[in-house]
Amino acid sequence: MAEKLNILRLGYRKGRDPRITTHLALVSRALGADNFILAGDEDNDMFENISGVNQRFGGSMECEHTDKPMKWLRNFVNQDAGDGQPGVAIHLTMYGQPYRQVIPQIRKDRPVVVVVGGAKVPSEVFELSQYNLAVGNQPHSEVAALALFLEAWNGPSASEKLLEDGELIIHPSAKGKDVTDTRKE
Ligand code: SAM
């Protein structure tokens with residue numbers, strides 16, 4: 001079984017960037033993350049939205065909130081990644097190294113956290129993370145950076161993976177919507 005894949009979203013501000021952060025969670029879920037950790041403001045509506053998407057479209061990604069993201073990250077990297085042993089932190093930043101070149105060097109036998117920044121990223125994130133990876137060295141979107149990273153990390157079929165136990169099953173179609181609603185069967 002693959003090791004647990006966490007996404008840590010720093011600096012969430014409710015009311016200022018709800019769509020971007022919801023999209024980060026949706027991309028995380030669709031591209032194979034197990035756990036989405038929101039730092040900054042709490043937002044139960046967003047968590048309920050993701051849990052509704054899980055119910056309708058399948059999958060089991062969990063969401064949690066932390067009000068001490070640096071403590072969470074220090075603990076993950078130095079002590080306990082969930083099983084009492086340290087894990088691997090990968091920080092996505094335009095100042096980092098090319099992600100496609102470095103990914104093959106990263107161990108995959110330990111839980112991972114992918115750190116995505118908000119408005120201001122504390123310098124400690126760069127120091128604590130074993131890897132600082134750039135999806136190109138230009139500023140763009142955290143959603144795009146996360147999506148490209150996750151597809152490279154999980155392989156090209158990551159975005160085609162079927163998530164289990166959804167009420168709605170989408171069948172790929174050249175035209176229109178082909179959906180089975182299992183509640184009607
Ligand atoms: N101004 C912020 C700072 O102090 O670094 C960054 C703002 S940026 C819109 C938000 C996040 O998007 C970054 O922290 C990073 O995680 C991600 N991001 C943006 N461009 C990126 C790139 N080229 N490569 C990797 N991640 C990127």
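I took contact to mean heavy atoms within 4.5 Å, and helices to be DSSP runs of H or I with at least four residues, numbered from the N terminus. The model is predicted, so I kept in mind that local features need pLDDT of at least 70, that side-chain atom pairs count only at pLDDT 80 or more, and that totals for chains, interfaces and linings use all residues. Residues are numbered from 1 along each chain as its sequence is written, and side-chain values use heavy atoms, with hydrogens and water left out.

Entry on the helices. I looked up helix α1 (residues 18-30) and helix α6 (residues 142-154), which pack at an angle of about 5° with their axes 9 Å apart. That makes α1 roughly parallel to α6, a term for angles under 35 degrees. In α1, I20, H23, L24, V27 and S28 meet E142, V143, L146, A147 and L150 of α6.

Entry on salt bridges. I counted as a salt bridge a side-chain nitrogen of Lys or Arg within 4 Å of a carboxyl oxygen of Asp or Glu, and the search of the whole structure finds seven. One of them joins D83 to R110, with the closest N and O atoms 2.8 Å apart, and these two residues lie 27 residues apart in the chain.

Entry on exposure. I called a residue buried under 20% relative accessible area, exposed over 50% and partly exposed in between (1.4 Å probe, protein chains only). D83 is partly exposed because its relative accessibility is 44%, whereas R110, at 12%, is buried.

Conventions:
Axes fitted to C-alpha atoms, helices over the stretch in contact; angles between N-to-C directions. Parallel < 35°, antiparallel > 145°, perpendicular 65-115°, else oblique.
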